[in-house]
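Try each task first, then compare your steps with the solution.

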Amino acid sequence: MDALLEIRNLRKDFAFGSLLSRLRITAVDDVSFDVMPAEIFALAGESGCGKTTTARLILGFEEPTSGSIRHKGDENGRPKKREKVWFTQGVQAIFQNPFETFNPLRRVERYLFETVRNYGLTKNGTKADKLIDEMLKAVGLRLEEVSGRYPSEFSGGQLQRISIARSLLTNPSLLIADEPVSMVDASIRMSIVNLFRQLRDELGVSVIYITHDLATAYYVCDRIAIMFRGHVVEMGGVENVLMAPKHPYTKLLRESIPEADPKKRWKESVSLTDIEHEEYLRKGCRFAGRCPKVMDVCRENVPPEFTVDGVLVKCFLYDEELMTQTKRSEVPDDAE
Amino acid sequence: MAFVKRYLIPRLISFVLVIFLGVTAVFFIPRFTPSDPVQRTIAQLQSQGSYLDPGSMDSMIEDLREMYGLEGSMLQQYGAFWRRVFTGDFGVSFFQFPTPVIELIRTSLPWTAGLLLWATLLSWTLGNLIGGLAGYFSRNRWSRALDTVAMIIRPMPYYIFALMLLILFAYVVRLFPIAGGTDIGRRAALSWAFVSDVLRHAFLPALSMVVLGTAITFQTMKLIVQNVNAEDFVQYAKLGGVKERRIVSRYVIRNAMLPQITNLALALGQILSGALITEIVFSYPGLGTLLFNAIVTGDYNLIMGITAMSILAITTAILVIDLVYPLFDPRVRLM
Amino acid sequence: MNGVMPSTVLRAEQLKAFYILDAFGTEKIVKAVNGVSVQIRENEVYGIAGESGCGKTTLLKALYSAIEPPLRLMGGRVFYVRDGEEIDVYSLSKEEKRRLRWEYISYVPQGSMSVLNPVKKLKDSYSDFLESHVAGKTRRDTLAIARRHLHELGLPPKVLDAYPHQLSGGMRQRVTIALAALLGPRIMIADEPTTALDVVVQRGVIQLFKSIQESLKNTIVLVTHDMGVHANVADRIGIMYAGVMIEESTVERVFEEPLHPYTQYLINSLPKFGDKSVRESAPGSPPSLANLPSGCPFHPRCPHAMDVCLQEMPEVVDVGENHRVACWLVEGGGDGRAA
Amino acid sequence: MRVLRDLLRDYRFAVSFTVLCLLLIMAILSAFSPYDPTFWWHAARDLRPSWTHFLGTSAKGQDIFWQATYAVRNSLIISVIAGTVSRVIAVLVGMVAGYRGRLTDRVLMFISDSFLVMPLFLIIVLLAMLVRERMNLVNLGLLLAFFGWAWDARVIRSQILSLREREFTLTAVLSGTKTMKLVMKEYLPFAAPLIFSTLINNMAWAIGMEITLAILGLSNMDIPTLGTMLQWAISYQALLLGQWWWLLTPVVLAIFLFIALYWLSVSISEYLDPRTRIQRVGAK
């Protein structure tokens, strides 16, 4: 079954400052993954790890420095030159802040009708109303509730549903949700998350779910990629990546999530770095500065990808020859 | 380090570019406009009835062209013009014939400088002080009253306000002289008589500039202080029980002054043009009146001289302010 | 209300605080705190949970007596209990209130981005706070105190010579918390101190709170919408909904035996590692505080809503074992478990 | 007109609105003026304000009131021309620089910066002096428009830049909206209050500049405007010779016009400020 989306060695550099002081930061560094049809794929990591930049590259809002994005077999749905902004056909997006998704000075339904008109779905009004009403029902709303009102008159959850309905109108094959529920009230968060599952099962839509909240990712996603400072450090099925994390960073991340259970409180304390941007410019493995199991090789070069029982890990700990060759006793095994 | 590259060098580049652009504009404007300055001067001479026999007409045109630096190809003229700007020799003034332009500027510069410097300094400090307090205590009656007064004064251009003062104090109340820099026939001397006479004459123009400048600075500062007052670090200091005197001085005023420094740089252009016009209204013997006479008599060299010098002066002042700013703002200094 | 608990350190009685907004003729009254009574004890971490727009931040402002227009105190009183004797906070003079701050009660803000004076070094900000409360200290003394204080909390003292914009988000937040603990206050109020931080940094910050609380044996009132943070650090938790405290109990009981239907939805809807069963969220959406529903504010979304719920706001009922809840279903006492 | 009712609550708008209406009426009255403004000696000289000549007559033998009606009309015409033309330039430059970005942005912004930094007043004086003969209402308006767009272009550009970063831009793009339509539909509602208040400020600036050029004797003295009226009064030493009413009329008219325009722009931009509008929009 070939992939819906193939990302190969994607890289994106950003340059800051004027022509004299070029400070270059690699936000996305050699990222490769596939997304299968009807699959929810999580891109997880802390802020500044490159997950949102990766999403903007897939959507076509940013031009990759190198690497390829192949969507349903054709190379990045060649963007139309006249359009200042390319966007890949069949890919839509849901944004983090529901109140920023729609122009506060325009009625929300304008976006729905414009999507219908611009995608040439139908010309006459009544058919458009019916189509929009149908799509809104799919997300649990009705056209009467929505028409004639401004974004400030809805709750965050309702706006997020309307945004999903709008993107479904174009019958997309891939939906990119950038932290869709982080700004939505906790009590109705699950209704939105369940909606993504419903889209996958009923409409066969794939979703790239971008988040820093691993608990929700565990609940709704099939596969997950953990990102750190532009690198995918661990990728695989959500069950074994989150329940038996391999990469030291994934372990640290997994342990640091405060679980809603008083019995599972943190035991030991964690050491924090206070110079973040140094980590971007570091030569070898970007996590070397904080990794409890750091070795000299980690500081020198970037670890390649190893496959350990179905999970891709970028860490020298899983490099068989290196490990057997050095026989370093002081490297504790992962029994604990 | 980053500060030099990202803040200092771009500022220096733009300083040089702006001067280049300004001087080039001053050079090209008379040459591109439809009427030729030489013909205009001759037409003006004829309109004043002085008889010009045709024979001497050609040599007259020759002299005028030479005086206005109009010989040679456009490039040579351009080069000559730059030499003038750098050496400060803008050729000879046409109507006060033998005296070079730079001499005229040098005599009237102190008058303008005195008026301009005092008015700007006074209005800037006064405006910031009252504006700051009004902004911090924006709830009470006094700051609202002051705000309405500022709202009335601020929109008026310099000369309208100057005219109003002139009518009120020089005519209705007859407290101050209507025009001039000193009483007629007063010789410049370091005596108190001379100084008091100068002050009496300079009072109304200075007053109009100070009052208007203060109104403008007051309003901008009040707005900035109100914004800074709502900033998190001021609210947090209040929550922390920091003494009010310390909050006002080290938190509010200290942060509010930063945008005011850049505002001063931006306003310099307006303040100069305001001063020039005010001088004309009061016929105060500064650069403004000099410019006015130059325009009336169509004295090109003098006009070019004053314009070029003003551009140099303002751009330099702005550069100085830009260089001073990082001393007050660590976020720029330690980029 | 039962008698004042011996170890109570802060008490609020029927607090009401509303925002009076007037936008060009259309007046809006936002009832952010609509009659909240709470008692917070000595040497305790008291968590306040609730979603955005439920009035928890406003409650903090009321407890800290930081009421600025458009927020106005409509009713109720707040008492600080200092060495045994109750002080009515809102009857204090401006100067008395100012002196209480930082010495007795301090405040940790949410966003640490712009909380420190951007044009002053940290040591100057520290001395501003210190010298405003402790008289007669030279600049060198205050600097020494600040250095020792940071060192005790495991923060690098060299941070004092830096400007706020030179520090990372996490470090800035920890330095702000250290500043709030500088004078050993009996109560520290924290408004979403970890929301703007990354997961790992958040863990560091929470550990800092714990170590401060353990060393000073004082009280921390922590507001956050993240139930995980509450589970990790709080001793007792109060759940707020639409401006009222609907349930309050020990952290174990809130997670294991929530009584109020809203709390039950909240706890059940939290995803847990290792358990992929379908989770339901509460139907409908939270009401706007500008036009609250009649009676119990949760009744439009509550599956067990009865007639009485539509008319009257439920009384707060004490169900024993430090467990109080405001819901008509629990009227009967006993375990009063809702369906 | 619900909008007007809301606006009139603000005393600044009420005052400025009435003053501007009066001035407009005055400008319209000029059509009924019994005297031709360019014609001299159609009334006795130097008469104090009386019933026949409400504002008295000037040393040139002209009725000051009817002269003033023309002056207000012409000044308003100049400022409207200057204001609208400079808005067009400012909006175009601002939007293109803001939306296009990178090189065009740098170039356009450098041009507008140098306009800001240079003392435009002197350059305008230089220009006006050289085209003095051809100076009529329209040319003066266009000249002032050419110099009046720089600051506002920069303000509009920064607003466009911030709007581009906001997520509803992406929603619009994903909905298939083309660039031009996007700018018009999504950004204009935000930019409208800015364009309007800068228009009024620019009109006030243009009237001011017209008066300055007139005082410097650089505009066509026969066309009656606030500036030329003032210039005639000053050059005839009206104050020295005690004809205060000749100088007072243009000064007072100018003061009212400036204050009214400034208060109008302040109150309107406060009313149209997106933040308060959003509150009002939702509070139906």
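Of the 335 residues of chain B, 39% count as buried, where buried means 20 or more other C-beta atoms within 10 Å of the residue's own, exposed means 12 or fewer, partly exposed lies in between, and C-beta atoms are placed from the backbone. This is a predicted model, in which local features need pLDDT of at least 70, side-chain atom pairs count only at pLDDT 80 or more, and totals for chains, interfaces and linings use all residues. Residues are numbered from 1 along each chain as its sequence is written, while chains are lettered from A and ligands numbered from 1 in the order in which they are written.

**Exercise 1. Find how many helices and strands chain B has.**

Solution. Take helices (H or I, at least four residues) and strands (E, at least two) as DSSP runs, numbered from the N terminus. Chain B then has 13 helices and zero strands. For its extent, box the C-alpha atoms along the principal axes: roughly 90 × 60 × 40 Å.

**Exercise 2. Work out which residues of α11(B) are buried, and what they pack against.**

Solution. Start with the span, residues 287-297 of chain B; eight of these eleven residues are buried. They are Leu287(B), Gly288(B), Thr289(B), Leu290(B), Leu291(B), Phe292(B), Ala294(B) and Ile295(B). Next, look for contacts (C-beta atoms, placed from the backbone, within 7 Å). The partners are α5 (101-136), α10 (244-281) and α12 (300-328) of chain B, together with α5 (120-130) of chain D. Finally, step past the helix: Gly298(B) follows, with a positive phi near 65°.

**Exercise 3. Describe how α6(B) and α8(B) pack.**

Solution. For α6 (residues 141-153) and α8 (residues 192-229) of chain B, the angle is about 125° and the axes are 9 Å apart. The two helices are therefore oblique to each other, given that angles under 35 degrees count as roughly parallel, over 145 as roughly antiparallel, 65 to 115 as roughly perpendicular and the rest as oblique. Now list the contacts: Asp147(B), Ala150(B) and Ile153(B) of α6(B) meet Val211(B), Leu212(B), Ala215(B), Phe218(B), Gln219(B) and Lys222(B) of α8(B).

**Exercise 4. Is Thr38(D) buried or exposed?**

Solution. First locate Thr38(D), in the loop between α2 (11-29) and α3 (64-100) of chain D. Then count: Thr38(D) has 11 C-beta neighbours inside 10 Å, so it is exposed.

Definitions and conventions:
Contact = placed C-beta atoms within 7 Å. Axes fitted to C-alpha atoms, helices over the stretch in contact; angles between N-to-C directions.
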